[in-house]
Amino acid sequence: MSINREKIWRKDITGLRAVAVIPVLIFHAFPEFLPGGFYGVDIFFVISGYLISGIIFRGLIDGSFSFVDFYDKRIRRIIPNLICVIIFVVVLGWFFTTALEFEKIGGNVSHSAFFYQNFALMREDGYFGIPSQSNPLLHIWSLSIEEQFYLIFPILCFLIWKFGKNSVFCLGVFVIGITFSSFVICLMISDQTVRFYLPFSRFWELGLGICIAYAEIFLNLETRRYGRKVADVLSVIGFSLILCSLCVPTSWYAPSPGVFSILPVFGSVLLILANANALVN
């Protein structure tokens with residue numbers, strides 16, 4: 001089975017990554033200027049779910065999926081950059097922090113290196129608390145959730161595909177089931193800090209990206225079939241939803257992730273569905 005390169009790399013998704021990352025940076029530097037900038041993480045989870053599941057699904061359908069190859073590429077992509085960040089933080093910490101602060105940095109280095117920073121941060125005052133804000137490796141929490149997803153999801157997909165005898169239906173039920181279950185878990189958790197950092201309350205954001213990849217690869221969904229105007233409308237609505245989530249007053253926000261997270265998440269879904277040649281993209 002031949003795979004079109006456009007299915008693997010899309011310039012519009014590279015741009016959407018910027019839409020995800022830049023608001024987070026602005027939020028931490030000037031929170032009053034972009035009060036919802038932290039929702040950029042929700043956007044990035046959708047992108048990650050879409051791209052990673054696409055790699056897995058294409059490998060399954062043409063029989064080329066390899067755990068060794070999959071994890072080798074993830075390690076090559078992530079670990080060198082993570083090592084650079086950790087070394088930078090440790091060196092600066094040695095010269096510019098107190099002994100007690102440096103000890104805390106050492107703990108966060110360990111949490112980050114083994115990808116359980118999100119669980120470690122649950123014991124603190126949450127993403128918006130003072131202890132977390134002074135943590136130079138705070139942002140590794142989202143990478144930790146992605147890595148936990150990478151560890152579990154490919155194995156489950158492979159097992160379902162193998163023992164389901166290449167059943168597209170069984171794989172689809174699994175994808176929809178894990179996405180819906182995660183959203184329900186997200187809404188049921190009352191502790192805001194746990195909800196923010198727990199991977200099971202975030203998997204639905206990855207899951208909606210997975211649903212797009214599933215529909216494209218197994219159900220042959222392509223919005224371009226419906227004409228340029230449809231794609232343009234999807235892209236405009238999607239981008240508007242993202243802008244709304246980033247810019248509305250803080251007092252409007254429900255706990256994150258939660259019902260309000262639907263705005264940036266579905267905005268990202270629509271932009272991805274619109275494809276590269278849509279108006280906004």
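The structure is a predicted model, in which local features need pLDDT of at least 70 and side-chain atom pairs count only at pLDDT 80 or more, while totals for chains, interfaces and linings use all residues. Residues are numbered from 1 along each chain as its sequence is written, and side-chain values use heavy atoms, with hydrogens and water left out. The chain has 13 helices and 0 strands.

**Overall fold**

- Helices (H or I, at least four residues) and strands (E, at least two) are DSSP runs, numbered from the N terminus.
- The radius of gyration, taken over C-alpha atoms, is compared with a globule rule of 2.2 Å times the number of residues to the power 0.38.
- For 281 residues a compact globule would have a value near 19 Å, and the chain agrees, with 19 Å.
- Along the principal axes, the C-alpha atoms fill a box of roughly 60 × 40 × 35 Å.
- Contact means heavy atoms within 4.5 Å; of the contacts with a separation of 6 or more, 74% are between residues 24 or more positions apart.

**Burial and surface**

- Buried means under 20% relative accessible area, exposed over 50%, and partly exposed in between (1.4 Å probe, protein chains only).
- Of the 281 residues, 48% count as buried.
- The accessible surface (Shrake-Rupley method, 1.4 Å probe; for residues, only the protein chains shown count as cover) comes to about 14,300 Å², of which 71% belongs to carbon and sulfur atoms.

**Aromatic pairs**

- Rings of Phe, Tyr and Trp (its six-membered ring) pair if their centres lie within 6.5 Å; planes under 30 degrees apart count as stacked, over 60 as edge-to-face and the rest as tilted.
- The whole structure holds 25 aromatic pairs.
- In one of them, the ring centres of Phe 183 and Trp 204 are 4.8 Å apart and the planes stand at 70 degrees, so the pair is edge-to-face.
- This pair links helix α9 (residues 168-188), which holds Phe 183, to helix α11 (residues 203-218), which holds Trp 204; the two residues are 21 residues apart.
- Both Phe 183 and Trp 204 are buried.

**Arginines over rings**

- A charge sits over a ring if NZ of Lys or CZ of Arg is within 6 Å of the ring centre and within 35 degrees of the ring normal.
- The charged end of Arg 74 sits over the ring of Phe 70, 5.1 Å from its centre.
- Arg 202, in the loop between α10 (192-197) and α11, lies over the face of Phe 196 at 4.6 Å from the ring centre.
- Arg 202 has a relative accessible area of 1% and is therefore buried.
- Beyond its neighbours within four places in sequence, Arg 202 is in contact with residues including Asp 42, Trp 141 and Ser 256.
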